Amino acid sequence: MDTKKVIVQVFASLILLAIFLFPIWQITLVAPQYPHGVTLFIWLDKLTGDTPGTIQNINILNHYVGMQYIDQESIPELVYFPYVIISFCVLGLIAALSRKRWLVFTWVALLILGAVLGMYDFYLWEYDYGHNLDPTAPITFEGQAYQPPLIGEKYLLNFLAKSYPHVGTGFYVLSMILGSWVFWKSKK
């Protein structure tokens, strides 16, 4: 790899650290009682809302239909995902400094695998969250599930749930694209 490609690979590796600064996902619930929506932001290591009481409000709403409470302490991914991203960053730097094309390929492949596994894990979390309902909830509907969409929009009773990637995911994708470019352009 020439110096230009090494610099791009170093940048692609370091840009992963920006994921710590921005949410990676957002889920917004819009309903007549919340016309502007209530937005939950999923970060690499925490959950926040568009207002300080967002998570509490969502938990109150969830109680009525028997959904689980959102509790950051019960989501182990928020503990180990930061270590995964730091490891990806370090591996990307090693690939750049070694100037070995196969290491760049391995790094990009790991990023892609990480994205696929992350999306699958998120889907499983949403599935459990929307299907594992308390049968003694104040409001129950036979056969009703409240799983938010993985990506896109879906009505859950009178709520429109919108689920989309956020800025942090953009940095992750940009890192994959830049690493792929370095690999592609490093052909002999």
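**Hairpin, strand pairing and helix packing**

In the hairpin formed by S4 and S5, two residues lie between the strands, and Leu157 adopts a positive phi near 55°. The model is predicted. Strand S4 covers residues 152-156 and runs antiparallel to S5, to which five bridges join it. Within this pairing, Gly152 stands opposite Ser163 of S5.

S5 also pairs with S1. Strand S5 spans residues 159-165, and strand S1 spans residues 25-31. Their pairing is antiparallel and extends over six bridges. Val30 has Leu160 in S5 as its bridge partner.

Helix packing was examined for H3 and H4. Two packed helices are described by the angle between their axes and by the distance between those axes. Helix H3 comprises residues 77-98, and helix H4 comprises residues 101-131. The two pack at an angle of about 165°. Their axes are 9 Å apart. Angles over 145 degrees count as roughly antiparallel, and H3 and H4 are therefore roughly antiparallel to each other. Their crossing is left-handed.

The contact draws on residues from both helices. H3 contributes Glu77, Phe81, Phe88, Leu91, Gly92, Ala95 and Ser98. These meet Leu103, Val104, Trp107, Leu110, Leu111, Gly114 and Asp121 in H4. By class, nine residues of the contact are nonpolar, three are polar and two are charged.

Technical notes:
Residues are numbered from 1 along each chain as its sequence is written. This is a predicted model: local features need pLDDT of at least 70, side-chain atom pairs count only at pLDDT 80 or more; totals for chains, interfaces and linings use all residues. Side-chain values use heavy atoms; hydrogens and water are left out. Axes are lines fitted to C-alpha atoms, for helices over the stretch in contact, and angles run from 0 to 180 degrees between N-to-C directions. Helices (H or I, at least four residues) and strands (E, at least two) are DSSP runs, numbered from the N terminus. Angles under 35 degrees count as roughly parallel, over 145 as roughly antiparallel, 65 to 115 as roughly perpendicular and the rest as oblique. A crossing is left-handed if the near helix is turned anticlockwise from the far one by less than a right angle, and right-handed if clockwise. Contact means heavy atoms within 4.5 Å. Ala, Val, Leu, Ile, Met, Phe, Trp, Tyr, Cys and Pro count as nonpolar, Asp, Glu, Lys and Arg as charged, and the others, Gly among them, as polar. Two strands pair if DSSP finds at least two bridges between them.
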